[in-house]
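This briefing is intended for a reader new to the structure shown below.

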Amino acid sequence: MRPERRSDSPPREHAHRANVRRDRGQPDHESRGYGRLYRDWLYPAFDRYLKRRRTVEYWRRAETSQWWDRDRLEAFQLESLRELLRHTHATCRYYRESWDAAGLRVESIRSLEDFHRWPLMRRETVRAHAPHLRSDAATTRIAKATGGSSGQPLQFEIDSDSNQRRTAMTHRGYDWAGAGPGAKRFYLWGEAIGRVPTWRRWKASLHRRFDRQRVFSCFDFDELAMARSVRALDRHRPDAIVAYTNPIFEFARYLRRNQVCPWSPRSIVVGAEKLYPFQRRLIEQTFRCPVFETYGSREFMLIGAECQRHEGLHLSMENLLVEVVDDNGQPTPDGEEGNVVVTDLFNFAMPFVRYVTDDRATAGFRRCGCGRGLPLLRQVVGRRLDTLLTPTGRVIPGEFFPHLFKDYPQVGRFQVRQGPDGRIAILVVPDREGLSRETRRHLRDAIRAQVGDSTPIELRVVSEIPLTLAGKHRVVVRDQLTESTADPRQACQ
């Protein structure tokens, strides 16, 4: 049976007034009043009495537990982990058979370190054994799917209680940035694709009005949409902007290029894509407010988020057990890069136990100066496949390319793709001025110096670069290399 739960510069008026500045706007008294009413009364009543949920209860608990010391938090994790593993072994056929075959016993888990002996689970395993990964005892199931950034969406399930817990963690993480429930928010985020039933559109619209959200889709965020967004920001005057990283960065570049001074919110929360330091600087300079990075996934929602100290990403430790490990599942040394592995401690419908996210991060869960007991993930490096490999075995980190292209304003957008034969194609969408011969030569020389002479390279100027199925822009895409090597004599085009 399912185990019993424990209680534990200023706005711009119009596009032609590019150089007119006002003092930085602040939420008016009415906005603050409604925000407090929504946060303290309306949302809790809606959650508890109308929806019969415990989201706000879990959120309030998390507001307390974030200040626990590390030992108490780890003790909570260990107890939750044991409960999850007992339930999983009893009700999930795939786990039971694989653990029994390996001689693994839940009773042997006496510390979190003992868990390192448990096998890793990869995306391919979920696809191949999904029916036997589901719990026989789970009663409430919510179907979910990843966005398909890798080209292969993943179908999975969570239970209602797990969904409420992860929503509570998102509330807490966003609240550190002043973007939690009650704040007026402007979203530059993904929207539903295809035909949406009328009743669902009305329901979403009503919810957004109630929650004071204004949403712009980042899936078709061209310059016309950016111009509309400037006017919408002026009208909405949000406390916070919540956005995909690359669209808000491109928006900031558009504003700079057109000498537009946008509404300045109190904060900007970015997620869904990796944030690079140069992107943070430009966004903060353009909107004149701090940027808060978040890290999450569809499988687990919010994994980590920045607090006001910006010293790293606080992990959602009460809900998730996060590890940074090598390919054998063992912890990587402090300061070294490894694979991000996550165990959801409360998804009893379809447990994810030591699930390899395909993300890479720098190990070392140090403590933040803010005083929270939640450890900090040092840095999310990017996706595991966001690196290039040469026939000589040289590894080119994906971070190299954003740092290279940021110094070339003629480059509007780019993507680096490595095919199965090892060839590297650099796709470039130029800005209005086009890509000069000198810029092309500098780019080729810089990339050749990094990659070496053994790998064929092609620089292509294109009109657009398609987003992934999840509406994200991947700057580096690598297919698995074959054993054959490419002709090293191929020159840059």
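Which residue caps the N-terminal end of α6? In this predicted model, that residue is Asp-159, which places a side-chain oxygen 3.2 Å from the backbone nitrogen of Asp-161. The protein as a whole contains 12 helices and 20 strands, and 54% of its 493 residues count as buried. Its accessible surface comes to about 23,400 Å², with 49% belonging to carbon and sulfur atoms.

**Helix α6**

- Helix α6 covers residues 160-175, and 14 of its 16 residues are buried.
- At 1.5 Å a residue, the helix should span 22 Å; the end C-alpha atoms of α6 lie 23 Å apart, which agrees with that expectation.
- An α-helix has 3.6 residues a turn, so residues three or four places apart point the same way.

**A sheet of four strands**

- Four strands form an open sheet in the order β19-β18-β17-β20, and their pairing is mixed.
- The edges are held by β19 (457-461) and β20 (476-478); each has a single partner strand, so one side of each is left without a neighbour in the sheet.
- On average, neighbouring strands of this sheet are turned by 15° against each other, direction ignored.
- Strand β18, residues 424-430, pairs with β19 in the parallel sense over 5 bridges.
- Within this part of the sheet, Ala-425 stands opposite Glu-458 in β19.
- Helix α12 (residues 437-451) packs on the sheet and touches β17 (411-418), β18 and β19. The direction of α12 makes about 150° with that of β19.
- Strands of a sheet pair through backbone hydrogen bonds, either parallel or antiparallel.

**Two arginines with positive phi**

- Most residues other than glycine have a negative phi.
- Arg-52 is not a glycine, yet has a positive phi of about 60°. Arg-52 lies in the loop between α1 (29-50) and α2 (55-65).
- With a relative accessible area of 67%, Arg-52 is exposed, because exposed means over 50%.
- Arg-237, likewise not a glycine, has a positive phi of about 50°. Its place is the loop between α8 (223-236) and β5 (240-244).
- Arg-237 has 36% relative accessibility and therefore counts as partly exposed.

Technical notes:
Residues are numbered from 1 along each chain as its sequence is written. This is a predicted model: local features need pLDDT of at least 70, side-chain atom pairs count only at pLDDT 80 or more; totals for chains, interfaces and linings use all residues. Side-chain values use heavy atoms; hydrogens and water are left out. Buried means under 20% relative accessible area, exposed over 50%, partly exposed in between (1.4 Å probe, protein chains only). Accessible areas come from the Shrake-Rupley method with a 1.4 Å probe; for residues, only the protein chains shown count as cover. Two strands pair if DSSP finds at least two bridges between them. Axes are lines fitted to C-alpha atoms, for helices over the stretch in contact, and angles run from 0 to 180 degrees between N-to-C directions. Contact means heavy atoms within 4.5 Å. The expected span of a helix is 1.5 Å times one less than its number of residues. A polar contact is a pair of N or O atoms within 3.5 Å; within protein, one must be able to donate a hydrogen and the other to accept it, and residues adjacent in sequence count only if both atoms are side-chain atoms.
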